[in-house]
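Please look through the sequence and the model below before reading on. The paragraphs that follow lead from the annotated positions to the ligands and then to some of the helices.

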Amino acid sequence: MSNTETFEGIYVAMYSAYDEQGEVDAERVKKLARYYAGKGIKGLYVGGSSGEGILQTAEERKLVLEAVMQEIRGELKVIVHVGANSTRESVELSKHAEAHGADAISAVPAIYYRLSEAAVETHWQQMIDSSNLPFIIYNIPQTTGFQLSPKLLEKLAKQPKVIGVKMSGESTFDLQQYKVAGGEDFLVLNGPDEQFLAGRIMGADGGIGGTYGVMPELFCKLNELYLANRVTEAQELQYKINAVIKRLLAYPSLYGAAKYILSLRGVETGQPRLPLLPVREEDHASLAVLNGDILALVAEYGIQ
Ligand SMILES: CC(=O)N[C@H](C=O)[C@@H](O)[C@H](O)[C@H](O)CO
Ligand SMILES: CC(=O)C(=O)O
């Protein structure tokens, strides 16, 4: 099977799961992974922006991945974000991911230092060389400040292990250029949830998203409508999804809001870790309304 066939589809960017003291809670991680396993998605993206990987120690990140693998290995594909500020730690996490049966690794460039393209290339290359897992570049220039050039992508993609890019930049033209630069079987996963449909039309093979976690069913449906060429209905659903995303983004903390919504469904994951702000008590009531509206949309689309 080709890489794109193997990995295309909808990936929930999984949130962190902490106990009430803010410690990683393996049981809660498992429960969260189990919740998603029943939703028709292709897989999970573990330890990315939504998963707060860069706010956790290497030991905590390992614990999270191990819990996920114990719970849903073989049921869902698992792409694990192993990017850390030091190459050394990223390599350690890559090896751990391979040892525990993850399906692919992925990484942002290192942050803080303004790194040259050569430095980022070396950083990624060490991870690629340290395991036999497929590698998916994570391009998110608005948070890292690093803009992946199609030239570097093309160079990296020549290696069989470099199978794709998670494109969180907002230009769908850049997305399409990555698709071209990567070649025939290069996987492009859409980042901005607000333009999933646009990304798909411009060449993405699926998506990984931070808001999918509160409405995975709706993104699966949107993907289905796209695949069935029902573009008008797909656009209508994307608009409805975007109204939800706009409401989510109006809170001081996207992940705080999303995690609170999950708690209303019986899936407890605690608060995000500082400096990401916790959900405010004064927002509980409006988040309950938002949760109701999401569930009504899911019902409207006839999804269980
Ligand atoms: C910049 C950023 O975090 N992008 C995420 C991943 O690509 C998205 O999934 C957003 O969380 C989402 O589109 C909401 O704006
Ligand atoms: C938002 C996203 O895709 C991530 O968690 O990395």
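A residue is called buried if 20 or more other C-beta atoms lie within 10 Å of its own, exposed if 12 or fewer do, and partly exposed in between, with the C-beta atoms placed from the backbone. This is a predicted model, in which local features need pLDDT of at least 70 and side-chain atom pairs count only at pLDDT 80 or more, whereas totals for chains, interfaces and linings use all residues. Residues are numbered from 1 along each chain as its sequence is written, and chains are lettered from A and ligands numbered from 1 in the order in which they are written.

According to UniProt, in an unreviewed entry, the annotation "active site" covers Tyr138 and Lys166.

Tyr138 lies in strand 5, residues 135-139, while Lys166 has its place in strand 6, residues 162-167; strands (E, at least two residues) and helices (H or I, at least four) are DSSP runs, numbered from the N terminus. Is Tyr138 buried or exposed? Tyr138 has 27 other C-beta atoms within 10 Å and is therefore buried, and Lys166, with 27 other C-beta atoms within 10 Å, is buried as well. Two residues are in contact if their C-beta atoms, placed from the backbone, lie within 7 Å. Leaving aside neighbours within four places in sequence, Tyr138 is in contact with His81, Gly83, Ser106, Ala107, Val108 and Lys166. With residues up to four places away again not counted, Lys166 touches Ser106, Ile136, Tyr138, Asn139, Leu189, Gly191 and Ile208.

Ile208 is found in strand 8, residues 206-209, and is buried because 30 other C-beta atoms lie within 10 Å. Beyond its neighbours within four places in sequence, the contacts of Ile208 are Tyr11, Ala13, Tyr45, Lys166, Leu189 and Gly191.

Ligand 2 is surrounded by Ala13, Tyr45, Gly48, Ser49, Ser50, Gly51, Gly191, Ile208, Gly209 and Gly210, where a residue is near a molecule if its C-beta atom, placed from the backbone, lies within 6 Å of it. By class, this shell around ligand 2 has three nonpolar, seven polar and no charged residues; Ala, Val, Leu, Ile, Met, Phe, Trp, Tyr, Cys and Pro count as nonpolar, Asp, Glu, Lys and Arg as charged, and the others, Gly among them, as polar. Ligand 1 has 14 residues around it, of which the closest are Ser168, Gly191, Asp193, Gly209 and Gly210. Helix 6 (141-144) and helix 11 (231-249) are the elements that give two or more residues to the shell around ligand 1, and that shell divides into four nonpolar, eight polar and two charged residues.

In helix 11, Ala234, Leu237, Gln238, Ile241 and Leu248 are buried. They cover an arc of only 105° around the axis, which puts them on the same side of helix 11; the arc is that of the directions from the helix axis to the C-beta atoms. Thr232, Tyr239, Ala243 and Lys246 are exposed on the face of helix 11 turned away from this buried side. The buried residues of helix 11 pack against helix 9 (196-201), helix 10 (216-227) and helix 12 (254-264).

In helix 12, the buried residues are Tyr255, Gly256, Ala257, Ala258, Lys259, Tyr260 and Ile261, and what covers them includes helix 11 and helix 13 (284-300). Just after helix 12, Gly266 takes a positive phi of about 85°.

How values were computed:
UniProt positions are given in the numbering used here, feature names are shortened, and annotations may be inferred rather than shown by experiment.
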